[in-house]
Each structure stands twice: as structure tokens, then as C-alpha cells.
Amino acid sequence: MSIGTGVEKHKEIECKVCLTGQHREMLRQVMETFGVCEDYNLDIMRASQTLTTITSDILQKMETVLRTGNIYSPYPEEMNRLLTGRIASWHFTPTRGNLDNLRREHITKNVHVTGNTVIDAFRTAVKEDYCFQNAGLREVDYSNRRVIVVTAHGQENLGKPLQNICNALKELAETYHDILIVYPVHPNPAVRETAYEILNHHERIKLLEPLDVLDMHNLIARSFLVMTDSGGLQEEAPSFGKPVLVMRTETERPEAVAAGTVRVVGGRGTGHL
């Protein structure tokens, strides 16, 4: 599967892929898996970056890639959703709820509910006979253990909230002896320091390096439960019937909450989720 099988086959549409350049190793394997090639790479990655430096670097470097004085040629560099919605000629929404949101903003023309392409990609990646690339995942007894997949690296959870999350995970592992918590730890040093300090060397907790996209998708498909502060996993896991606990105070996927596949459980408490 590649972009070439979708937008690029329509010659009347100019398609450009622009990367921010964050977490190069993690991104590269995803792009190779799905056959996506970049036209531009902003290469903004730097040590000890913050939301402020990320935002300023993206805005500064986007100017050289996209600013033309014409908001339609090429696509505008502004990231604001409302502005993009106002100037777009066509709208493709994953859900009916998204369609209703656009209608409430008086956007009613050329709106099509197309479903979620993330789910399409997920289903092409998961195979019953899949052999994990990560050696640690090949050792897991998926038939007799309740595997809980964890990702936690959001900016809003860094510091005390992540400590609370890790302490709650440790409590779960010590309480339920039939579970195995699998936590691919994000490269961010602030995440790794906390996760390894609290969770390392526990027999029912497996800390791993970041997984490639195929390993991650097939791990989710074999899991019992997903606990995450990621947006994407809230879409992917329910498509295989896996319940999701969102370790944040809110979610941008309200449809999942309404459907009962996702529950927002926080993450900022003083001792547990």
C-alpha cells in the first residue's frame, strides 16, 4: 500500500508529503512499510526540544517549503483546523460525528464520510501467522497471559503524571498475576528515565525499545487491553475489539467514548489512574 495507490493516481491533484523530521528511526520504518516517500523533510529534531521549539522550528522551516502568497498553491502552511476547513473545496471525514461537526460550523458542501484510513492500514498489517521482529515479543505466551499494551509519552503527562501512571502500572502487575504489561518506551529521555526507574526488572512488566509498525499492530491484535495517551491507538485498537483506557483527562476521539470502546481514566492523579 502506498500514497501512489490513492491521491497520487489522480493527476489533477498535486500531492506533496512534508515531514517534520522528528524521531527519524521510528518514522522511517513506518514510511517504508506503507510505501510513502517524502518530498520535503524539515529535519527539526534537536536535543531537549520542547513544544515551543518544535512549534517555532516547524513554522520557520515551513516558510521555505510552502509559502507562495497564494493560499491554494500549494496547500496552505497554516495548521489551524478552522482556517483549513474554511478554504478547503472538499472534505473527507472518518465518521458521521465529524460530518455533524462540520455542519455545525456551516460547512456543508462537498463533504463525504469515507471511514478511517488508519483502520484500513491496520487491517493490512495484522496477520494470524505473523512472526514478531522483536525477540522479546516472540517470547510472550499470548494464549495464557492477559497482555496489556501500554504507550505513555504525551507532553501533558511528563513529570509527575507519568510517575503516577507508572506506579499504577506497577500496582496492576503486582495485583494480577496472570497479566503481562508490555510497554514500548518512547525515546524521549524524560519518558525513559521515569519508566525504567519505576518499572524495570519486574517479572510481569516488559519494557521494550520502540516497535516498528508491523510489530506494534500485531501486538495490539493479540492483546487483552490497551492503555495509552496516544490518539492513534484509540482508533486502531477498537477495530480489533480491544478496549482502551485513555490515560489523559480528555480525548479528541469522542466517538470512541460514545461507542463504549474507549474510557478516559486520567493520569494526573496523586497515586493512581
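Visitor: In which loop does His106 lie?

Guide: In this predicted model, His106 belongs to the loop that connects α4 (96-104) with β4 (111-113).

Visitor: Why does His106 count as exposed?

Guide: The relative accessibility of His106 is 71%. The word exposed applies over 50%, and His106 therefore counts as exposed.

Visitor: What is the phi of His106?

Guide: The phi of His106 is positive, about 65°, although His106 is not a glycine. Most residues other than glycine have a negative phi.

Visitor: What is the phi of Asp43, and where does Asp43 lie?

Guide: Asp43 has a positive phi, near 50°, and is likewise a residue other than glycine. Asp43 is found in the loop between β2 (40-41) and α2 (51-66).

Visitor: Why is Asp43 called partly exposed?

Guide: Its relative accessible area is 38%. Buried requires a value under 20% and exposed a value over 50%, with partly exposed in between; Asp43 is therefore partly exposed.

Visitor: What makes Asn134 count as buried?

Guide: Asn134 has a relative accessibility of 19%. The limit for buried is under 20%, so Asn134 counts as buried. Asn134 is placed in the loop between α5 and α6 (135-138). When residues up to four places away in sequence are not counted, Asn134 touches Leu208, Leu211 and Asp215.

Visitor: Why does Ala121 count as buried?

Guide: Ala121 has 12% relative accessibility. With the limit set at under 20%, Ala121 therefore counts as buried. Ala121 is part of helix α5 (residues 117-125).

Visitor: How many residues apart in sequence are Ala121 and Phe34, and how far apart in space?

Guide: Ala121 and Phe34 are 87 residues apart in sequence, while their C-alpha atoms are 8.1 Å apart in space.

Visitor: Which are the buried residues of helix α1, and what do they pack against?

Guide: In helix α1 (residues 24-34), the buried residues are Gln29, Met31 and Phe34. The buried residues of α1 pack against β1 (18-19), α5 and α9 (213-221). Gly35 follows α1 and has a positive phi, near 65°.

Visitor: What makes α7 roughly parallel to α8?

Guide: Two packed helices are described by the angle between their axes and the distance between the axes. The axes of helix α7 (residues 160-175) and α8 cross at roughly 30° and come within 9 Å. Angles under 35 degrees count as roughly parallel, and α7 is therefore roughly parallel to α8. The crossing in which α7 passes α8 is right-handed.

Visitor: Which residues of α7 and α8 meet?

Guide: Leu162, Gln163, Cys166, Asn167, Leu169 and Lys170 in α7 meet Ala190, Val191, Thr194, Ala195, Ile198 and Leu199 in α8. The residues of this contact of α7 with α8 comprise eight nonpolar, three polar and one charged.

Visitor: What is the order of the strands in the open sheet of six strands?

Guide: The order is β7-β6-β5-β8-β9-β10, and the pairing is parallel.

Visitor: Why is one side of β7 and of β10 left without a neighbour in the sheet?

Guide: β7 (205-208) and β10 (262-264) stand at the edges, and each has a single partner strand, so one side of each has no neighbour in the sheet. On average, neighbouring strands of this sheet are turned by 20° against each other, direction ignored.

Visitor: How do you know that β6 and β7 pair?

Guide: Pairing calls for at least two bridges between the strands. Strand β6 (residues 179-184) and β7 have four bridges and pair in the parallel sense. Tyr183 has Leu207 as its bridge partner in β7. Helix α8 (residues 189-199) lies across β6 and β7 and runs at about 155° to β7.

Visitor: How many bridges join β5 to β8, and how many join β8 to β9?

Guide: β5 and β8 run parallel and are joined by four bridges, with Met227 in β8 as the bridge partner of Val150. β8 and strand β9 (residues 244-246) pair in the parallel sense over three bridges, and the partner of Thr228 in β9 is Val246. α9 lies across β5 (146-151), β6 and β8 (225-228), at about 135° to β5.

Visitor: Which residues point one way from β8, and which the other way?

Guide: Leu225 and Met227 point one way from β8, Val226 and Thr228 point the other way, and all are buried. In a regular strand the side chains alternate between the two faces of the sheet.

Key:
Residues are numbered from 1 along each chain as its sequence is written. This is a predicted model: local features need pLDDT of at least 70, side-chain atom pairs count only at pLDDT 80 or more; totals for chains, interfaces and linings use all residues. Side-chain values use heavy atoms; hydrogens and water are left out. Helices (H or I, at least four residues) and strands (E, at least two) are DSSP runs, numbered from the N terminus. Buried means under 20% relative accessible area, exposed over 50%, partly exposed in between (1.4 Å probe, protein chains only). Contact means heavy atoms within 4.5 Å. Axes are lines fitted to C-alpha atoms, for helices over the stretch in contact, and angles run from 0 to 180 degrees between N-to-C directions. Angles under 35 degrees count as roughly parallel, over 145 as roughly antiparallel, 65 to 115 as roughly perpendicular and the rest as oblique. A crossing is left-handed if the near helix is turned anticlockwise from the far one by less than a right angle, and right-handed if clockwise. Ala, Val, Leu, Ile, Met, Phe, Trp, Tyr, Cys and Pro count as nonpolar, Asp, Glu, Lys and Arg as charged, and the others, Gly among them, as polar.
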